[in-house]
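Thank you all for coming.

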Amino acid sequence: NLLVLSCMGYRFSRFLVALLLLCVLLPFFYLQLLLPSCSKAPKPCEQCRKSTRKPPTSEHYLLLIVIITGLNQDKERATMRQTWLAKSRLNHTEIEYKFVMGTGGASADQIDKLRRENAENNDLIFFENFSESYTKLTEKMLHAFAWASQSMNFDYFFKADDDTFARISLLADELRARKLARRFYWGFFDGRASVKKAGKWKEGDWFLCDRYLPHALGGGYVLTSDLVDFIARNRDLLGVYSNEDVAVGTWLGG
């Protein structure tokens, strides 16, 4: 009787071991059968590095400066061309700048004046389907990101306003020393600002927390091209907040 019980116990142990192995291996073989292409798929980190930017015909730039301006800000643009923008082009052939604006609501006289200005300077980009409005700065930035991603070949993107003054030589030297960083978002960051409940900076759709997420202030900030591509590629899915600098910080906060 003891021999019979011993044999039964041995067989039961073998059965348990076999059952355990089956439970471990079966899901693995099941996944291999159902997902045969998974092992051939690119690694996530490799996949996210692939840019959706269209192959541009223009030359490659270290730094693309995109300046937010308005239809009637010709004096501001002229001042910038005569000062730090002139130095940036004179000393650095790897730097390009463009003023961007919406012309959707422009009059015929405004369009004619802008075309003459652009014929002389070749530095204006027109968003014909966008009408200028201070309350739509974030939408304007989305147009700017989409244009840059699709039309220009660059490493770094510097957003500026038409009253910004920048020491481009120092900025270019610092960026060049980084040897093309990835997922790089640089500027003067603020993570303590309270959400505006009234006034022209009112943020009526903000619900994430009682303060804004950390973001680089809108007077000037730098993004690498992969972040510009990310925003441009997902622009239809992103929440549009009143303040463009808050919006950019929020989009990149995840």
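This is a predicted model: local features need pLDDT of at least 70, side-chain atom pairs count only at pLDDT 80 or more; totals for chains, interfaces and linings use all residues.

Let me begin with a question: across which strands does H5 lie, and at about what angle does H5 run to S3? Helix H5 lies across S2 and S3, and the angle to S3 is about 145°, where an angle runs from 0 to 180 degrees between N-to-C directions, with axes fitted as lines to C-alpha atoms, for helices over the stretch in contact.

Residues are numbered from 1 along each chain as its sequence is written, and side-chain values use heavy atoms, with hydrogens and water left out.

The protein has nine helices and six strands, taken as DSSP runs numbered from the N terminus, with helices being H or I of at least four residues and strands E of at least two. Of its 254 residues, 39% count as buried, and here buried means under 20% relative accessible area, exposed over 50%, and partly exposed in between, with a 1.4 Å probe and protein chains only. Among contacts (heavy atoms within 4.5 Å) between residues at least 6 apart in sequence, 76% join residues at least 24 apart.

Now to the sheet. Its six strands are arranged in the order S3-S2-S1-S4-S6-S5, as an open sheet with mixed pairing, and two strands are said to pair if DSSP finds at least two bridges between them. At the edges are strand S3 (124–127) and strand S5 (185–190), each of which pairs on one side only. Neighbouring strands are turned by 20° against each other on average, direction ignored. Within the sheet, strand S1 (residues 60–68) and strand S2 (residues 95–102) pair in the parallel sense over six bridges, and Ile65 stands opposite Tyr97 in S2.

Helix H7 (residues 168–177) also packs on the sheet, where H7 touches S1, S2, strand S4 (153–161), S5 and strand S6 (215–224), and its direction makes about 135° with that of S1.

Returning to H5, which spans residues 108–121, we find Lys113 in this helix, partly exposed at 41% relative accessibility. Between H5 and S3 there is a loop that holds Asn122, which has a positive phi of about 50° although it is not a glycine, and which is exposed at 53% relative accessibility. Arg183, in the loop between H7 and S5, likewise has a positive phi, near 50°, in a residue other than glycine, and is exposed with a relative accessible area of 59%.

Why is helix H9 (residues 244–252) described as largely enclosed by the rest of the structure? The reason is that nine of the nine residues of H9 are buried, among them Trp251 and Leu252. These buried residues pack against helix H6 (137–151), S4, S5, S6 and helix H8 (225–233).

Finally, H6 and H8 themselves pack at an angle of about 120°, with their axes 8 Å apart. The contact is made by Leu142, Phe145, Ala146, Ala148 and Ser149 of H6, together with Val228, Asp229, Ile231 and Ala232 of H8.
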